[in-house]
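The following exercises are to be worked through with the sequence and the coordinates at hand. Each task is followed by a solution in steps.

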Amino acid sequence: MYLMRFCLAIMLLAPLSAQQSAPPKKLDSFDLQRAHLILRQANDEVRKNYYDTTFHAVDLEKTYQAFDTRLNASQSVNETFRVIAAFLLNLHDSHTFFSPPLRANRSTPGFSLEIIGEKCFVTRIRPGTDAATKLHVGDQVLALNNFKVTPSDFHDMEYFIQVLSPAPSETLDLLSPNGDLRKETVAATLRTGKLITDLQDGGEYWKLVRQGEEDDHLSRSRYLESGDTLVWRMPSFEVDPTDLNRIFSKAQKHKNLIIDLRGNSGGYVDTLKEMLSHFFDHEIKLGDIVSRKESKAEVVKPHAPFYNGNVTVLVDRNSASAAELFARVMQLEKRGKVLGDRSAGAVMEARTFNESVGGDYRTYYGFSITSANILMSDGRSLENSGVTPDQILLPTAADLASARDPVLARAAELNELKLDSAEAGKLFLFEWPTL
């Protein structure tokens, strides 16, 4: 893991290739001064708030000085952002990172990549994009912008390419399901915007309102009720805990419950605790929360309505944080079976620190700083290790290309539900957000 982070730090600090880079904004004295300020704020927030006062044996002051000096060699705003991000990367922590200012013009790739097992695949392609003419679902991605893709550094590579240095195009080395090798350069979709958002402008205000409504729609829970089985597709734990009562009232009508947490990146701790409380008629221990000041047990108290039936939980490499904790508690308490791929191993508690610079017109950015580690009831942390399913089930390239879902189909089989992999693949179709 430490070797991976070191290699990625080199990637973060390396100049962008000609293929990747749009004409960068030339760095002026204000941009450089702002970058030094942001880096100093990052250092201060870590020093004051990071849960481990030894900073994982990192000499924080020495590291800060080295990166502060490195900023002076930056040639663009994007490069200063990469230096700031690389500074925080030294802590080797999934929940400590830099959120740079939003760009007025954003490039959006027309495809999605996922790690399945030890390989990376194209799993979705947005219709009408350049990707739709060059890529195929089921293509294995061997390299992205000439960097080898591995499970250990995949999410950091996405952070680098899509957040820190979004580019007008990306180059992929591909292996087709039929065994053909090829290289494709895929143009992103450029979304133009404004440098300044005036919320007193009714059009701009309602645009933000509609965007929030769409986000809520895309992250909604979806269901299939068939006979004795309820399949619950739960994309996020950013759910009002009170809404869970309605869901569990529905679940009580069924003997079997399949909870699909694939792609669920987590959310609120309160939602996690509320959800767990409906599966146990007695108090259970979620884990020990280890902060810089103390270690305390996090306890889940029972809450009716209780679900007493069979539970199957589906996870994959994009199941993170609260989704992983839920799956692991169900394993440890022998309350349900977990199927799918090993989860992300990104399980910490963090606080967000929102910052800004400027006068009448301000630039907003932020830092996520880990405030606590979570040790499960077996004394282990899931950070960097994830949840290992009771049954490891991985879609193949051919499954992806044919839109089959053998993982959900297997869960259905175990729960007396007739659902083949082709039918399972059509249940909860992916919905692209509006550009």
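In the protein chain, residues 24 or more positions apart account for 71% of the contacts with a separation of 6 or more, a contact being heavy atoms within 4.5 Å. The model is a predicted one, in which local features need pLDDT of at least 70, side-chain atom pairs count only at pLDDT 80 or more, and totals for chains, interfaces and linings use all residues. Residues are numbered from 1 along each chain as its sequence is written, and side-chain values use heavy atoms, with hydrogens and water left out.

**Exercise 1. The chain as a whole**

Task: State how many helices and strands the protein chain has, and what percentage of its residues is buried.

Solution. Step 1: The protein chain has 13 helices and 19 strands; these are DSSP runs numbered from the N terminus, helices being H or I of at least four residues and strands E of at least two. Step 2: Of the 435 residues, 48% are buried. Buried means under 20% relative accessible area, exposed means over 50%, and partly exposed lies in between (1.4 Å probe, protein chains only).

**Exercise 2. Helices α9 and α10**

Task: Describe how α9 and α10 pack and which residues meet.

Solution. Axes are lines fitted to C-alpha atoms, for helices over the stretch in contact, and angles run from 0 to 180 degrees between N-to-C directions. Step 2: The angle therefore makes α9 roughly parallel to α10. Angles under 35 degrees count as roughly parallel, over 145 as roughly antiparallel, 65 to 115 as roughly perpendicular and the rest as oblique. Step 3: The crossing of α9 past α10 is right-handed, that is, the near helix is turned clockwise from the far one by less than a right angle. Step 4: From α9, L272, M275 and L276 meet A322, L325, F326, V329 and M330 of α10. Step 5: The residues of this contact of α9 with α10 comprise 8 nonpolar, no polar and no charged. Here Ala, Val, Leu, Ile, Met, Phe, Trp, Tyr, Cys and Pro count as nonpolar, Asp, Glu, Lys and Arg as charged, and the others, Gly among them, as polar.

**Exercise 3. Helices α4 and α6**

Task: Carry out the analysis of packing for α4 and α6, and classify the residues of their contact.

Solution. Step 1: Helix α4 (residues 77-89) packs with helix α6 (residues 154-164) at an angle of about 150°, the axes being 11 Å apart. Step 2: This angle makes α4 roughly antiparallel to α6. Step 3: α4 passes α6 in a right-handed crossing. Step 4: N78, F81, R82, A85 and L89 of α4 meet D156, Y159, F160 and L164 of α6. Step 5: The contact of α4 with α6 holds 6 nonpolar, 1 polar and 2 charged residues.

**Exercise 4. Helix α12 and its ends**

Task: Identify the buried residues of α12, what covers them, and the features at the start of the helix and just after it.

Solution. Step 1: V407, L408, A409, A411 and A412 are buried in α12. Step 2: Their cover includes β11 (229-233), β12, β15, β16 (337-340) and α13. Step 3: A409, in helix α12 (residues 406-414), has a relative accessible area of 11% and is therefore buried. Not counting residues up to four places away in sequence, A409 touches L419, D420, S421 and A424. Step 4: At the start of α12, a side-chain oxygen of D405 comes to within 3.3 Å of the backbone nitrogen of V407. Step 5: Just after α12, E416 takes a positive phi of about 60°. E416 lies in the loop between α12 and α13 (421-425) and, at a relative accessible area of 58%, is exposed.

**Exercise 5. Residues in loops**

Task: Is R262 buried or exposed, and which side chain does its side chain contact? Where does the cis peptide bond to P305 occur?

Solution. Step 1: R262 is in the loop between β12 (256-260) and α9. Because its relative accessible area is 13%, R262 is buried. Step 2: The R262 side chain makes a polar contact with the side chain of D260 (2.8 Å). A polar contact is a pair of N or O atoms within 3.5 Å; within protein, one must be able to donate a hydrogen and the other to accept it, and residues adjacent in sequence count only if both atoms are side-chain atoms. Step 3: The cis peptide bond joins A304 and P305, with omega about 0°; P305 lies in the loop between β14 (295-300) and β15 (310-315).
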